[in-house]
Amino acid sequence: MQIGMIIKKLRKEKNITQEQLAEYLGISSRAISQWECGKTMPDISQLPIIANIFNVTTDYLLGVNINMQTEKIDTIVNQALKERIVGNCTKASQILREGIKKYPNSHKIMCELMQCIWRVRDLPENKNNYQTLTEEIIIWGEKILNESTDTNIRNHAIQLLCFTYPNVNQTDKAVELADKMPCIYLSREHLLKRIFKGTMQFDLVRDILWTDISDLYNCMLYNSGSLDDGSRPYTVKENIKIYQKYLDIMNIFFEDGNFGFFREMIARANLNLAAFYMRDSNYELTKKHLKIATEHAIVYDSKYNPDDEYTCILFKGKKFGGVIHNTNKNICQIVLDDINSSTFDKIRNSDEFIGIVKKLEKYADVRVSIEK
């Protein structure tokens, strides 16, 4: 297939007009027409730009078979994703960095690399590289926005740029990007729930509700940072009430105690609630919620199966689903690390506390990297 025919095919697949493509390239639409008719060919200097517009390689434009190359890129991304799923983002980053050397125009690899860098920059070993890694996220994200026409990849880049720009005092850029995105009521899910009927609508609405419940943890429990004047919006006792409300809500949604994926969040909520009770000098309730956090963590780490199903009314029959972890520590290890902090020093020598530690140590683990 001649290069003009390939450009025409790509242009139609992307629903781009000759006029739009010409505008992207800064040339006339007549030039595009002549390419596609086979009368002329693009200048060699234009090939990388055209390739980036259509998210392909210059080899593809020149008619070289790239099926094998596409498979190799997918293999790289999938290998990295397997590592990221178990929380080993450092290994995933290494895989992707090697991949980007081989395929420097692959926005798919760039996007996945952004995800990994965003997670590894907070690791203790990267404390001195935090700023450099933050700037790298921005470099990859801006490159994707300047070159890629893939909506999904662009949206992921925008998301991470919005998270990252404030870290380098560029909140205005984050706001500018966020303002261009549709509001929640114009999102894909909320539009489709009005389009679909019957079983498809039922399944979609449950997915939306499941996501909303997931976000409830962040909205209720992480909204206690410092205000503009440096004060905190809630007192210790008020935070205790908020955490209790969250746990009450979860018990209402999952009335049969089959919490599935949400068991991790419930473990973390009880752990944080224990810390607030500790600050309130209520040591009995501190130990009570540490025990509850431990129980949920152990069940999650030892029995969680993505193919298991919820049995509560709202989600009956819905599978737990797979989980991508932000750390290679399991939940028991996270809880154990937290309770080994100085926060709980005053009850550390009690028999109940020692018993909790022993239970956690039995299941605490750091996930091993997947061998290639």
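What share of the 372 residues in the protein is buried? It's 41%, where buried means under 20% relative accessible area, exposed means over 50%, and partly exposed is in between (1.4 Å probe, protein chains only).

Okay, ground rules. This is a predicted model, so local features need pLDDT of at least 70 and side-chain atom pairs count only at pLDDT 80 or more, while totals for chains, interfaces and linings use all residues. Residues are numbered from 1 along each chain as its sequence is written, and side-chain values use heavy atoms, with hydrogens and water left out.

Now the overall picture. We've got 18 helices and zero strands; those are DSSP runs numbered from the N terminus, with helices being H or I of at least four residues and strands E of at least two. The C-alpha trace spans about 85 × 50 × 45 Å along its principal axes.

On to the core. In soluble globular proteins, nonpolar side chains tend to be buried together. The largest nonpolar core here has 48 residues, and Tyr246, Phe262, Leu290, Tyr310 and Ile339 touch the most other members. By nonpolar core I mean a set of buried Ala, Val, Leu, Ile, Met, Phe, Trp, Tyr and Cys residues joined through side-chain atoms within 4.5 Å. Helices 13, 14, 15, 16 (283-303), 17 (331-339) and 18 (351-363) each supply at least two residues of this core. Helix 15 gives the largest share, 10 residues.

Keep Phe262 in mind, please. A search of the whole structure turns up 16 aromatic pairs. Rings of Phe, Tyr and Trp (its six-membered ring) pair if their centres lie within 6.5 Å; planes under 30 degrees apart are stacked, over 60 edge-to-face, and the rest tilted. One of the pairs is Trp210 with Phe262, edge-to-face, 5.3 Å centre to centre with 65 degrees between the planes. That pair links distant parts of the chain: Trp210 is in helix 13 (residues 198-221), Phe262 is in the loop between helix 14 (236-253) and helix 15 (263-279), and they're 52 residues apart. Both Trp210 and Phe262 are buried.

Phe262 also pairs with Phe254: the centres are 5.1 Å apart and the planes at 40 degrees, so that one is tilted. Phe254 is buried too. Zoom out, and Trp210, Phe254 and Phe262 belong to one aromatic cluster, whose members also include Tyr300, Tyr310 and Phe320. And the charged end of Lys318 sits over the ring of Trp210, 5.7 Å from its centre; the test is NZ of Lys or CZ of Arg within 6 Å of the ring centre and within 35 degrees of the ring normal.

Which residue other than glycine has a phi near 60 degrees, a positive value? Asn15 does, and it's found in the loop between helix 1 (3-13) and helix 2 (18-25). Asn15 counts as exposed, at 68% relative accessibility. Ser281 has a positive phi as well, about 60 degrees, and is not a glycine either. Ser281 is in the loop between helix 15 and helix 16, and is partly exposed at 48%.

For contrast in setting, take Ile158 in helix 10 (residues 151-164). Ile158 is buried, with a relative accessible area of 11%. Ile158 and Ile144 are 14 residues apart in sequence and 9.2 Å apart in space, C-alpha to C-alpha.
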